[in-house]
There are 2 protein chains.
Amino acid sequence: MEITSAQVKALRDATGAGMMDSKRALQEADGDFEKAKQILRESGKAGISKRAGRTAGEGVVEAYLHTPDPNLPPKLGVMVELDCETDFVAKTDEFRRLARDIAMHVAAADPTYIGRGDVPEDVLERERAIYAAQAEGKPDHIVERIVEGKLKDFYKQVVLLDQPFIRDQDKTIQELLEEYSTKVRENLVLRRFSRFRVGEDV
Amino acid sequence: MEITSAQVKALRDATGAGMMDSKRALQEADGDFEKAKQILRESGKAGISKRAGRTAGEGVVEAYLHTPDPNLPPKLGVMVELDCETDFVAKTDEFRRLARDIAMHVAAADPTYIGRGDVPEDVLERERAIYAAQAEGKPDHIVERIVEGKLKDFYKQVVLLDQPFIRDQDKTIQELLEEYSTKVRENLVLRRFSRFRVGEDV
């Protein structure tokens with residue numbers, strides 16, 4: 001059963017659950033939206049359904065300046081805004097460290113977008129066309145599978161939430177955030193980032 | 001003699017001179033472009049004409065995180081890229097301090113654009129229309145003068161290079177940069193900045 005990112009987004013918006021959990025629930029429910037909602041509620045993990053609709057209005061801004069040689073000035077810098085629901089969480093060292101870890105990750109992994117939904121439609125179409133051309137001659141359903149597989153690789157390259165966390169490649173940034181969200185029982189939103197490197201085209 | 005920003009820009013592009021120097025030269029030359037170029041060359045200040053066309057390909061990235069209360073996390077941050085011509089200048093403490101001073105200035109003064117040329121045409125038109133409406137009923141040449149005056153105030157509000165430097169209100173950020181540029185005899189370019197505040201609309 002193919003689950004579209006639009007379905008996942010709708011379920012996330014309705015429940016506040018994470019992307020991976022929402023996708024899994026939809027797959028388990030064969031794409032049935034109400035059934036997927038029920039699954040998320042019943043799984044009751046970390047009270048995710050209670051967090052639905054609550055606003056992540058607190059947070060921190062953190063920066064990471066990359067200085068591989070301490071005698072040279074930083075030529076690469078990243079700034080991130082990581083939001084949560086309460087000041088109580090925002091002011092913990094652990095939360096600030098999480099924000100700085102993500103900034104450091106962005107410096108190293110150089111993502112272009114935060115989530116899959118941020119990739120413009122024309123970029124996706126261009127990628128799909130390239131992958132389809134590469135698989136030319138194969139049966140349609142094979143081509144489709146190849147395109148979807150390569151698109152996943154593409155997301156891992158350019159989408160921050162899909163990238164394996166640089167300090168622990170076993171989880172993605174999305175999973176890192178979900179882990180912490182479960183722990184503190186608050187919605188977390190990685191709102192935005194900027195990455196400047198001296199000499200790159202602006 | 002009214003000097004347009006297009007004239008100033010053309011002269012700056014041709015000579016590499018600063019905005020204020022170019023404007024003064026054009027005023028002195030009654031708007032005559034070649035004469036203004038000659039004035040800039042003859043003034044010979046800081047070998048500005050020699051710097052024309054040289055590329056600011058080195059630089060630093062610096063950040064400022066605003067923490068008015070040390071017990072609370074930073075909720076406002078600014079990152080800037082300040083470019084110069086050589087690593088020799090880029091790695092000095094003074095250059096890095098200049099970049100951090102500008103980041104701190106941006107945190108406090110909240111500019112929207114770097115230079116006047118970055119203000120979109122439709123924004124300028126909207127502002128002009130408002131000022132003209134406010135001056136309605138007055139003779140045309142008075143209205144024009146009022147509009148230009150208010151536009152200058154508007155630039156001071158939203159254009160970083162036109163803002164009075166927060167730590168020394170007697171000079172603008174543009175003048176601060178020109179001062180340092182003259183001192184180190186290199187082109188300086190404030191390439192970009194990002195300013196994040198937790199809770200603002202993204």
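Reply: Contact here means heavy atoms within 4.5 Å. Please keep in mind that this is a predicted model.

Me: Which residues does Gln163(B) touch, not counting residues up to four places away in sequence?

Reply: With those residues not counted, Gln163(B) touches His105(B), Ala109(B), Asp110(B), Pro111(B), Lys156(B), Gln157(B), Val158(B), Lys171(B), Thr172(B) and Ile173(B).

Me: Is Gln163(B) buried or exposed?

Reply: Buried means under 20% relative accessible area. Gln163(B) has a relative accessible area of 2%, so the residue is buried.

Me: How should I read a strand, for instance S2 of chain B, and how many of its residues are buried?

Reply: In a regular strand the side chains alternate between the two faces of the sheet. In strand S2 (residues 76-84) of chain B, nine of the nine residues are buried, so the strand is largely enclosed by the rest of the structure. Leu76(B), Val78(B), Val80(B), Leu82(B) and Cys84(B) point one way from S2(B), while Gly77(B), Met79(B), Glu81(B) and Asp83(B) point the other way.

Me: In which sense does S2(B) pair with strand S1 (residues 58-66) of chain B, and in which sense with S5(B)?

Reply: S1 of chain B and S2(B) pair in the antiparallel sense over nine bridges, and Val61(B) stands opposite Glu81(B) in S2(B). S2(B) and S5(B) also pair in the antiparallel sense, over eight bridges, with Met79(B) opposite Ser194(B) in S5(B).

Me: How many salt bridges does the structure hold over all chains?

Reply: Side chains of opposite charge can pair when their charged atoms come close. Over all chains, the structure holds 33 salt bridges. One of them joins the side chains of Arg24(A) and Asp21(A) at 3.1 Å, N to O. These residues are three apart in helix H2 (residues 19-28) of chain A, so about one helical turn separates them. Arg24(A) is partly exposed at 47% relative accessibility, whereas Asp21(A) is buried at 9%.

Me: Which parts does the salt bridge of Arg100(A) and Glu62(A) tie together?

Reply: The two side chains meet at 3.5 Å, N to O. Arg100(A) lies in helix H6 (residues 93-109) of chain A and Glu62(A) in strand S1 (residues 58-66) of chain A, so the pair ties together parts that are 38 residues apart in sequence. Arg100(A) is partly exposed, with a relative accessible area of 34%, and Glu62(A) is buried, at 2%.

Me: Where are the partners in the salt bridge of Glu200(B) and Arg192(A)?

Reply: That salt bridge has an N to O distance of 2.7 Å. The pair crosses between chains, from Glu200(B) in the segment after strand S5 (189-197) of chain B to Arg192(A) in strand S5 (residues 189-197) of chain A. Glu200(B) is partly exposed at 28% relative accessibility, and Arg192(A) is buried at 11%. Elsewhere, salt bridges that share partners join Glu58(A), Asp87(A) and Lys75(B) into one network.

Me: How many aromatic pairs does the structure hold over all chains?

Reply: The structure holds four aromatic pairs over all chains. In one of them, the rings of Phe154(A) and Tyr155(A) have their centres 6.4 Å apart and their planes at 45°, so the pair is tilted. Phe154(A) is buried, with a relative accessible area of 10%, and Tyr155(A) is buried at 9%.

Technical notes
Residues numbered from 1 in each chain as written. Chains lettered and ligands numbered in written order. Predicted model: local features only at pLDDT ≥ 70, side-chain atom pairs only at ≥ 80, totals over all residues. Heavy atoms only, no water. Salt bridge = Lys/Arg side-chain N within 4 Å of Asp/Glu carboxyl O. Helix = DSSP H or I, 4+ residues; strand = E, 2+ residues; numbered from the N terminus. Buried < 20%, exposed > 50% of the residue type's maximum accessible area, 1.4 Å probe, protein only. Pairing = 2+ DSSP bridges. Phe/Tyr/Trp six-rings, centres within 6.5 Å; stacked < 30°, edge-to-face > 60°.
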